[in-house]
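Subject: Structure for your review

Dear colleague,

Please find below the structure that I am handing over to you. I would be grateful if you would look at it alongside the notes that come after it.

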Amino acid sequence: MACVLLLLWLGRFGGMTLVRKRPATARPVHAMINADLVRAAAQLILLAILATNVTASAPAAISALGLSSFVYGFAAAFFVPARFSAISTLGAPSEYQRINSTLSIVGDLSAILGPVLGSLAVVWLGFQNVLLIDGVSFLVAATILVPLRATRTESTSTPADDDDTPTPRTGTMPAWFTPGLATWGVLALTIGIIGVAGPTQVMSRFDVTGWTITATALGVGSLLASTSTLLGAFDVVRWRTLHVCALALAATEVAAFVAAPNVWILAAIGATGSMAVTVSGIRWDTMGQSLRTDHLVNEFATRDQLVNTTAIPLGMALFGLAGTLDATRVLLWIMTVACAAAALYSLTLHRPTTDDFRADHTLRL
């Protein structure tokens, strides 16, 4: 399983480096459809292989799973920035936050219900039937996107031009982007560490029930954040304020995994930290989709995904390394200090202005 997950991240990282070298596609929905078709093929070909006698041995089965996982991750690297750009193409700037909040709610519900429903599906239907459902679901998603296939970005949209001409590279990123992305990278690294440290720390200090309570609190906190943002609860709060709060509360959350006296305090701090990070993430995405040109939107999406694709698995690997050195508590305290330092640094960031965004951008910046 470790090999399969590693290949998934390697595939995504490899795809992301390739996406970064290419100019923005003029038809992001077309790229989304292609990515879904490749992911469907990865799952369905794996199903066909597992249904034969070729994978009678465990090493062969693991190799097939690993290859499918790599291809799946590679295609996902193309889907994410294309979806990001498609939102800025299909919707008005005033709708970006609502769309991002809705997508975040879907993701939160999937994170809460997915493991339970997935486990039950494997038990009741078997792994191969779950693969079939997964592969078909990508085909259905691609079919739903077909009516939007011809949607083009504004910078290259001409009635006579029907090819997939890349969007020209124009404009420079605003002053707040690079330091903002760097501090978001600290958050992504922390998310990776917590993803592994959470169950191990909580179950070692408390018990399995304690981790169930904590994991539920983390998921509910993120869901509440997505819902509150959809309802406009944080529209009057500036991005820099949200970002500083997310980093400060992330520092508190990491420290709580080491020092919280009981699981209920840990769950409360975890829910608050998860909520702050989700709110900051939604606003961060909305800001990226609101940049002046399609090239800048694509640049934001690809660089942001590259940081997340690198930092999250790096955080997992660092915690694993710290575990072998019996230094997990040291790593968690280091990340607590890093998040706190990033929060202080974020107070000095350039505040975005309306000049950075499309004309009808209305959020507090």
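This is a predicted model: local features need pLDDT of at least 70, side-chain atom pairs count only at pLDDT 80 or more; totals for chains, interfaces and linings use all residues.

Aromatic pairs

A pair of aromatic rings is described by the distance of the centres and the angle of the planes. Ring centres must lie within 6.5 Å to pair, and by this rule the count comes to ten aromatic pairs. One of them joins Phe177 and Phe300: the ring centres are 5.2 Å apart and the planes stand at 50 degrees, so this pair is tilted. Phe177 belongs to helix H6 (residues 177-205) and Phe300 to helix H10 (residues 294-324), so the pair ties together parts that are 123 residues apart in sequence. Phe177 has a relative accessibility of 0% and therefore counts as buried. Phe300 is likewise buried, with a relative accessible area of 0%.

Phe300 also forms a tilted aromatic pair with Trp284, with 5.0 Å from centre to centre and 45 degrees between the planes. Trp284 lies in helix H9 (residues 263-289) and Phe300 in helix H10, so here the parts tied together are 16 residues apart in sequence. Both Trp284 and Phe300 are buried. These residues belong to a cluster in which ring pairs link Phe84, Trp176, Phe177, Trp239, Trp284 and Phe300.

A charge over two rings

Arg39 deserves a separate entry. Its charged end sits over the ring of Tyr72, 5.7 Å from the ring centre. The charged end of Arg39 also sits over the ring of Phe79, at 4.6 Å from the centre of that ring.

A positive phi angle

Asp326 is found in the loop between H10 and helix H11 (328-346). Its phi is near 55 degrees, a positive value in a residue other than glycine. With a relative accessibility of 72%, Asp326 counts as exposed, because the cut-off for exposed is over 50%.

The surroundings of Phe78

Which residues is Phe78 in contact with, leaving aside its neighbours within four places in sequence? They are Gly15, Leu18, Val19 and Arg22. Phe78 itself is placed in helix H3 (residues 58-90). In sequence, Phe78 and Thr302 are 224 residues apart, while in space they are 9.1 Å apart, C-alpha to C-alpha.

Yours sincerely

Definitions and conventions: Residues are numbered from 1 along each chain as its sequence is written. Side-chain values use heavy atoms; hydrogens and water are left out. Rings of Phe, Tyr and Trp (its six-membered ring) pair if their centres lie within 6.5 Å; planes under 30 degrees apart count as stacked, over 60 as edge-to-face and the rest as tilted. Helices (H or I, at least four residues) and strands (E, at least two) are DSSP runs, numbered from the N terminus. Buried means under 20% relative accessible area, exposed over 50%, partly exposed in between (1.4 Å probe, protein chains only). A charge sits over a ring if NZ of Lys or CZ of Arg is within 6 Å of the ring centre and within 35 degrees of the ring normal. Contact means heavy atoms within 4.5 Å.
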